[in-house]
Amino acid sequence: MPTKTLRRTLQLAGLEVPVVELTGAQDGPRLTVLAGVHGCEYAPMAAVRRWVRALAGRDLRGRVVAVPVLNLPAFRARSPFVVPDDGKNLNRCFPGDPDGSLAERLAHAAFTQLITGSDALVDAHAGDLVEALEPFALYDAGPAEARARELAIAYGLGYVIRQEPGPDRAVGGTSSAAAASIGIPAIIAEAGGCGLVQQAAVDAHIRGLDRLLARLGMAPGAAESTAPERPPAHLRRFLWLRSDDAGWWEPGRRTGRDGSRGPGPRDGQQHRRGGRPADRHRARGGRPHVRDELPRGGGGRPAARPGRGLRPLPFMRTRR
Ligand SMILES: [Zn+2]
């Protein structure tokens with residue numbers, strides 16, 4: 001019996017959110033896959049759409065419930081990071097509040113109607129409209145963390161971050177933390193960014209979802225190994241970089257007189273900057289990394305708050 005595909009919309013906080021449900025011929029786990037929790041993260045949205053189309057022609061054990069774009073108001077308004085109606089970051093609102101603002105109600109509806117009852121959750125992200133990042137997967141401490149860790153590794157991205165509740169946790173209120181709190185193994189997988197549909201990022205998500213399916217025993221006869229080609233680096237926390245000045249960073253490159261590109265930054269080497277410099281910060285690690293910041297405007301606008309515009313790469317350090 002082939003896999004059955006049902007395309008429908010789900011009423012979530014008054015929104016008609018498109019959902020694709022794939023039911024295999026054999027019983028098995030239920031995997032929930034979300035994308036578009038942030039409205040301009042196009043690579044994972046494209047990946048989930050392509051992945052479910054491919055999955056329809058394959059054997060499946062169990063059930064996949066996939067949402068290519070959850071945050072419809074942000075998607076439609078092309079609003080990075082936040083739901084435009086209330087200015088809140090949906091991925092800081094889980095498990096949500098049925099009596100709250102739109103982001104809180106949407107989080108609550110997604111938590112109760114999509115996440116609860118799942119055997120595993122993947123929330124696929126990228127850098128948002130103005131955000132570049134190194135691909136990574138994140139999972140949360142909790143009763144299901146051993147399984148969540150397996151899934152995070154199986155997804156096959158370069159870095160795996162474990163987050164613990166407490167004051168050190170940089171990003172709370174996430175889908176994965178809410179799932180972890182009720183014992184569901186969950187990961188947030190990040191690849192892509194900058195408002196683009198990069199083929200490499202789409203491929204990384206599709207590969208990751210396929211590996212996860214195999215890891216969960218939902219892909220009968222799948223030849224694909226779930227072992228990543230290279231083991232990921234394991235990290236324990238985010239470190240947030242702050243800037244006192246408006247501006248942006250470019251990855252430091254030494255440029256020759258003939259305009260040729262030199263090697264990237266070395267350990268401890270200061271990044272080259274554009275705009276007004278954020279001159280007290282240095283990054284080290286020597287890995288290719290690009291990030292952006294929301295500038296603090298001259299008109300007394302507050303600096304970007306955690307979870308809105310600033311998302312540091314996990315391996316960056318601040319030196320003063
Ligand atoms: Zn995101």
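Leaving aside neighbours within four places in sequence, which residues is Leu-212 in contact with? Keep that question for the third stop. The model on screen is a predicted one.

**Start: the whole chain**

Show the chain as a cartoon. It has 320 residues, and 46% of them are buried. The cartoon contains six helices and 11 strands. Take the contacts between residues at least 6 apart in sequence: 70% of these join residues at least 24 apart.

**Stop 1: helix α1**

Select residues 42-55, which form helix α1. This helix has 14 residues, and the distance from its first C-alpha to its last is 20 Å, close to the 20 Å expected at 1.5 Å a residue.

To see them, colour Tyr-42, Ala-43, Pro-44, Met-45, Ala-46, Ala-47, Val-48, Trp-51, Val-52 and Leu-55, which are buried. Next, show what covers these buried residues: the cover includes β2 (15-23), β3 (26-35), β4 (61-67), β5 (120-125) and α6.

**Stop 2**

Two packed helices are described by the angle between their axes and the distance between the axes.

**Stop 3: Leu-212**

Stay on helix α6 and pick out Leu-212, which lies in it. Leu-212 has 24 C-beta neighbours inside 10 Å, and it therefore counts as buried; the cut-off is 20 or more.

Now for the opening question. Apart from neighbours within four places in sequence, Leu-212 is in contact with Val-122, Leu-151, Ala-154 and Tyr-155. Select Val-122 together with Leu-212 and check the distance: the pair is 90 residues apart in sequence, yet 9.0 Å apart in space, C-alpha to C-alpha.

**Stop 4: helix α4**

Select residues 145-154, helix α4. The buried residues here are Ala-148, Leu-151, Ala-152, Ile-153 and Ala-154. They pack against β5, β6 (136-140), β7 (159-163), α5 (175-181), β8 (186-190) and α6.

With α6 still on display, look at how α4 passes it. The axes of α4 and α6 come within 8 Å and cross at roughly 140°. These helices are therefore oblique to each other, and the crossing is right-handed. The contact is made by Glu-150, Leu-151 and Ala-154 of α4 and by Arg-211, Leu-212 and Arg-215 of α6. What classes do the residues of the contact of α4 with α6 divide into? There are three nonpolar and three charged residues, with no polar ones.

Beyond the end of α4, find Gly-156, which follows the helix and has a positive phi, near 90°.

**Stop 5: the loop between α2 and α3**

Move to the loop between α2 (72-77) and α3 (102-115), where Pro-95 lies. The peptide bond from Phe-94 to Pro-95 is cis, with omega near 5°.

Phe-81 is also placed in the loop between α2 and α3. Its phi is near 70°, a positive value in a residue other than glycine. Is Phe-81 buried or exposed? It has 26 C-beta neighbours inside 10 Å, so Phe-81 counts as buried.

**Last stop: Cys-194**

Finish in the loop between β8 and α6, at Cys-194. Phi of Cys-194 is positive, near 60°, and this residue is other than glycine. With 20 C-beta neighbours inside 10 Å, Cys-194 counts as buried, because the cut-off is 20 or more.

How values were computed: Residues are numbered from 1 along each chain as its sequence is written. This is a predicted model: local features need pLDDT of at least 70, side-chain atom pairs count only at pLDDT 80 or more; totals for chains, interfaces and linings use all residues. Axes are lines fitted to C-alpha atoms, for helices over the stretch in contact, and angles run from 0 to 180 degrees between N-to-C directions. Helices (H or I, at least four residues) and strands (E, at least two) are DSSP runs, numbered from the N terminus. The expected span of a helix is 1.5 Å times one less than its number of residues. A residue is buried if 20 or more other C-beta atoms lie within 10 Å of its own, exposed if 12 or fewer, and partly exposed in between; C-beta atoms are placed from the backbone. Two residues are in contact if their C-beta atoms, placed from the backbone, lie within 7 Å. Angles under 35 degrees count as roughly parallel, over 145 as roughly antiparallel, 65 to 115 as roughly perpendicular and the rest as oblique. A crossing is left-handed if the near helix is turned anticlockwise from the far one by less than a right angle, and right-handed if clockwise. Ala, Val, Leu, Ile, Met, Phe, Trp, Tyr, Cys and Pro count as nonpolar, Asp, Glu, Lys and Arg as charged, and the others, Gly among them, as polar.
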